[in-house]
Amino acid sequence: MIAQLPRLHAVTDDRVAARGGLVERAAEMASVAGPRLAVHLRTRALTGAEQLGLARSLGAALAVHGSWLVVNDRVDVARAVGARAVALGRAGLSARDARRVAPEIPVARSVHDAAEARAAEGENADFLIAGAIFETASHPGGPVAGPALIEVAAAGGLQVIAIGGLTPANTPAALDAGAWGVAGIRALWDAADPAEAARAFLAVLPAAASIAVTVNGESRAMAEGITLSGLLEQLGLDPRAVVVEHNRHIVRRDGLAQVTLAGGDVVELVHFVGGG
Amino acid sequence: MTTTTAPAFQDTPLVIGGRTFRSRLLVGTGKYKDNATMVRALEASGADVVTVAVRRISLDRTKEEGILFHLDPSRFFLLANTAGCYSAEDAMRYARLAREAGFNEFIKLEVIGDQKTLLPDVAGLLEAARTLVKEGFTVMAYTNDDLVTALRLEEAGCAAVMPLASPIGSGLGLLNPYTIRTIKARLTVPVIVDAGVGTASDACVTMEQGVDGLLMNTALAEARDPVAMAHAMRLATEAGRAAYLAGRMARREVALPSSPTTGMLS
């Protein structure tokens, strides 16, 4: 169980990626959703180098808000950019092989029926992406499994992200069937205002738990899942202007996005002042 | 009246921890009435090395500028201190945070034992010095004027030993030239007198003891005109150094005439 697994997943496809402005739209959603959002980079058309470049830009924009970057299929790209998870499709690597490349990155598997869900559990996937639950514009006329698929997928104990035709209106039904969260493509990327669309989903998704963190001697309530990078952003501090100590350990600037805060953590943010 | 950047007498450069500095005057950045005065005073002092402290950043006024907004790190060598630390553990913690800021591995180590006098806690100071030296820091240790402590600090691997002239911020000047001279005579690493200098004559007298340099802060910051005092201190440090290198005359308890005693009129 990944306690900080985001509830809202914005999955790209080649059409969305090709349209341009992807990183900007992702940043808009991330600025309202923070650690409750995961953006999946999913593309077949881009070369490895192109995917790497895009993943890096996306990852940087998301990390500032504590949002996740999930890379689909390309475990090597996921590892190179420090993605929070890798999502494997039906035709992709097995979870075991993915872990050979990047043992430290959580693995999600796409599942479309009970058999695939059991197989994914057998491979020790970390979470499942189950769909298509409802009618979707991405695959019109394709098989629709209904919320029953969510129940079946969740039966094995893994967290399930429901995908396929999810909207704020039908999200409660998905949650009732046992989903941890929901994924959308057009519902988010094609919205006139992606931040608003994200807000509409978040309003019907379980809220992030609040944790108490001591920062420079004062207790502050923070959203569960926030990283040190997100904390600095929230406080309006430039990472280059402070030295960060987390539970008595100094965290280097390039590692701030990798440290997730937990309740009871003690953070000290220091800088140079005049002195003799 | 003009002053040149290089002293007009033959001197070797100040070398600490493998780094060479042009000026033997090190200056603190605390307590100035405003940043503009501080910057002008630092410039007037001719100092290469300036000290800074490590403190929590203010979260309520996130637009407040840190001292690095006013100090050019390419113009000044930033020597972080562990001011306010009363234990070895605290001092080591602050030193590590200072190093993480990424400028250099030097630390002016202070472990204080008494709040009123700000005299060092020698046991804590030695413990922190040993550990920090092992961690690769270049340790410059603020200490009292006890020879044995100074020797132990040198043995521990400190790159410089910094005995006080008198308590921090007291402006009492050099209280014991004998102990400072003794320390300088016995140590191999540079001896930089830190703390207690109040005015130019203090700086001059201290440098005349043969020490390698001076560190001062309050003498400038609390002068009526810090920039003028910084200028005076620069001259005084050079004058004291020049006098030391010149080799002073012997003291005598009776008079010896300077003019000839022969050829007097009858």
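## Around Ala183(A), and out to chain B

Leaving aside residues up to four places away in sequence, Ala183(A) touches His9(A), Val11(A), Ile129(A), Ile161(A), Ala162(A), Ile163(A) and Leu166(A). Touching, or being in contact, means that the C-beta atoms of two residues, placed from the backbone, lie within 7 Å. This is a predicted model, where local features need pLDDT of at least 70, side-chain atom pairs count only at pLDDT 80 or more, and totals for chains, interfaces and linings use all residues. Residues are numbered from 1 along each chain as its sequence is written, while chains are lettered from A and ligands numbered from 1 in the order in which they are written.

Back to Ala183(A), which sits in strand β8 (residues 181–184) of chain A. Strands (E, at least two residues) and helices (H or I, at least four) are DSSP runs, numbered from the N terminus. Ala183(A) counts as buried because it has 26 C-beta neighbours inside 10 Å. The cut-offs, with C-beta atoms placed from the backbone, are 20 or more others within 10 Å for buried, 12 or fewer for exposed, and partly exposed in between. Arg199(A) is 16 residues from Ala183(A) in sequence and 14 Å from it in space, C-alpha to C-alpha.

Next comes strand β7 (residues 159–163) of chain A, where five of five residues are buried. On one side these are Gln159(A), Ile161(A) and Ile163(A), and on the other Val160(A) and Ala162(A). In a regular strand the side chains alternate between the two faces of the sheet. Ile161(A) stands opposite Ile129(A), and its bridge partner in β8(A) is Gly181(A).

Val161(B) is the bridge partner of Ala141(B).

Here are the strand pairs, where pairing takes at least two DSSP bridges.

| Strand | Partner | Sense | Bridges |
|---|---|---|---|
| β6(A) (residues 127–130) | β7(A) | parallel | four bridges |
| β7(A) | β8(A) | parallel | three bridges |
| β7(B) (residues 138–143) | β8(B) | parallel | four bridges |
| β13(A) (residues 266–274) | β4(B) | antiparallel | five bridges |

The β13(A)–β4(B) pair joins the two chains, with Gly274(A) opposite Val52(B). Overall, the contact takes 27 residues from chain B and 19 from chain A. On the chain B side, β4 (49–56), β5 (77–81) and α2 (88–100) each give two or more residues, and β4(B) gives the most, six. That side divides into 14 nonpolar, nine polar and four charged residues (nonpolar: Ala, Val, Leu, Ile, Met, Phe, Trp, Tyr, Cys and Pro; charged: Asp, Glu, Lys and Arg; polar: the others, Gly among them).

Chain A itself splits into domain 1 (8–204) and domain 2 (210–270), with bounds from an automatic or database domain assignment. Their centres, taken over C-alpha atoms, are 27 Å apart. Seven residues of domain 1 are in contact with nine of domain 2, and the domain 1 side has three nonpolar, four polar and no charged residues.

As for confidence, the predictor gives the complex an ipTM of 0.90 and a pTM of 0.72. Chain B averages a pLDDT (the predictor's confidence in each residue, from 0 to 100) of 94, and 95% of its residues score at least 70.
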